[in-house]
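This report goes through one protein structure, topic by topic. Please have the sequence and the 3D view ready.

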Amino acid sequence: MDITSLTIHELSERLKKKELSSVGLTKEFLARMESVEPKIHSFITVTANDALEAARHADKRLAGGKDITPLTGVPISVKDIFCTKGVKTTCASKILADFVPPYDSTVVRRLKDAGAVILGKVNMDEFAMGSSTENSALFKTLNPWDTSRVPGGSSGGSAASVAAGECAASVGTDTGGSIRQPASCCGVVGLKPTYGRVSRYGMIAFASSLDQGGPFTKDVRDSAIMLNAMAGHDPRDSTSIDAPVPDYASFLGKGVKGLKVGIPKEYFIEGMDKDVEAAVRGALEVLKKEGAELVPITLPHTEYAVAVYYLVATAEASSNLARYDGVKYGLRVNETGSLMDMYKRTRDAGFGGEVKRRIMLGTYSLSAGYYDAYYKKASQVRTLIKNDFDSAFRKCDVIATPTAPTAAFKLGEKVADPLTMYLSDIFTISCNLAGIPGISIPCGFTKDGLPIGLQLLGKDLDEGTVLKAAYSYEQATDWHKQRPRL
Amino acid sequence: MPITKKDVLHVADLARLALTDTEIDLYTGQLQRILSYVEKLSELDTKGIEPTTYTVPLMTVFREDETRPSLPREEALGNAPEEEKGCFKVPKIIE
């Protein structure tokens, strides 16, 4: 048996029984990485020495038998958007190519405290802007199921590293689908928690009202384990929610009998990919067989979500990315000795095409004379989208939809046309605009053997019910046990 | 409303981006296309609807005013492209 294909809870059992040591396990993952990285290219930075040091520490903790969590000694990867003290954090951008943060993000701090072993930092679309990881300024990551295809994005390195068995789990961020869509493309579980559930401190900002960190795992139990470690109030993030954190694992295994699953007609549209539709409809039948009640619902403003998102997210990005000016950190291009020229040349040389396009769009929509027509209008329609969910959740407990309109697409297929790329997020964006939690779990394969994802959305702070429903579906199927052949 | 090259140059200036001629032509077309798509929002009557900017209630958060250690100067300057006498150094701004 290859231990790099095991889940967190399976590894944790073996670590606790001393069948494995964390150092041994870490070496296994590093060896796996060495053999599959030339094909997949998930990692920007591998921190082998730090990982082995953390593993030695975890082994001591395990030997002492005290203060052990399900993550103690378990190797994971981290999206290169989370600041890691003393370890390069690039956001896959040339402008931060040599940036070494002097502090840990709260998410990384909490995972380290739980005893997780961080193997390294993984690839992403630059500043999390993209749906294929092709916008990384460093290199492209490939899909472990078919290396001619993208792993999805923006957290493509997270999804690919978990699917390829280079780590037991990963953490990514989701602004418009950047956890759920790559999870769907790579056949793993990806959870976006409620906005404010997980601290954003030290998580490099893209769109502050939408960004949320969350886990990538091989199954739903692991997702609950990771969320337990990540969630909770943080005084360093004023938008983090000060609400008690339940034990998310306690929701698992309770079944879905009587659970009302809303099916929004707007997410099952004519012309959608046949394999995706068949897999998702099949998943709904499984949930029904498990005792759930399928309820038709409507989310009438769904068709406006992409337009709202690309105004709101770019407006926030144009302001957040103003900090990259060549003064405090990052790249500086100073040829003429003029301050203004330094700003402009630094930013032109440091940002990639998609980032510049979004800064331009955001700056335009916030500029004098256009604010009401674009940003304000979009924020009002955002209210309508949120109201749609509020009404729907009066009739159901969770909402089930496809995660993405298609399985993983070919490298280069959507690069030339930004709008086509944006439309690959049509099923994931509304969730961020409304702030609610959502998960993607494997629910089948296309005829070509590519994974398909089922998305389950829940009420504010109701990750427990989302995980309960996801677990119930997962236990009735074995899609989550499939691994790519590499 | 059509986007002109002049608009793109103005926005690039506001965004502090020194775009090349090729980029300006490219973005003029692409921004036009994206903005035509978002025009879709004008189909909706949003009169009187409160905008949502955050999905959690934003409140002023208070804490005790306690002295806590902050980042040492050396570490704060660790990533500076240029520094002098413990400060970030920038090109001359006053003639």
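## Basis of the report

This is a predicted model, in which local features need pLDDT of at least 70 and side-chain atom pairs count only at pLDDT 80 or more, while totals for chains, interfaces and linings use all residues. Residues are numbered from 1 along each chain as its sequence is written, chains are lettered from A and ligands numbered from 1 in the order in which they are written, and side-chain values use heavy atoms, with hydrogens and water left out.

Contact means heavy atoms within 4.5 Å.

A:Phe127 also belongs, with A:Leu111 and A:Phe389, to the residues with the most contacts inside the largest nonpolar core, which has 157 residues. The greatest contribution to this core, 10 residues, comes from helix 9 (residues 305-320) of chain A. A nonpolar core is a set of buried Ala, Val, Leu, Ile, Met, Phe, Trp, Tyr and Cys residues joined through side-chain atoms within 4.5 Å. Buried means under 20% relative accessible area, exposed over 50%, and partly exposed in between (1.4 Å probe, protein chains only). Helices (H or I, at least four residues) and strands (E, at least two) are DSSP runs, numbered from the N terminus.

## Cysteines

Over all chains, the search finds zero disulfides, a disulfide being a pair of cysteine sulfur atoms within 2.5 Å. For A:Cys167, the nearest cysteine sulfur is that of A:Cys186, 11 Å away. A:Cys167 is buried, at 0% relative accessible area.

The sulfur of A:Cys186 has its closest cysteine sulfur in A:Cys185, at 6.3 Å, which is too far for a bond. A:Cys186 is buried as well, at 1%.

## Two packed helices

In chain A, helix 7 (residues 220-230) and helix 15 (residues 463-475) pack at about 160°, with axes 9 Å apart. The two helices are therefore roughly antiparallel, a term for angles over 145 degrees. The contact involves residues of both helices, including A:Leu227 of helix 7 and A:Tyr471 of helix 15.

## Backbone details

The peptide bond from A:Gly153 to A:Ser154 is cis, with omega near 10°. A:Ser154 sits in the loop between strand 3 (117-122) and helix 5 (156-163) of chain A.

A:His41 is not a glycine, yet has a positive phi of about 60°. This residue is partly exposed, at 31% relative accessible area.

Technical notes. Axes fitted to C-alpha atoms, helices over the stretch in contact; angles between N-to-C directions. Parallel < 35°, antiparallel > 145°, perpendicular 65-115°, else oblique.
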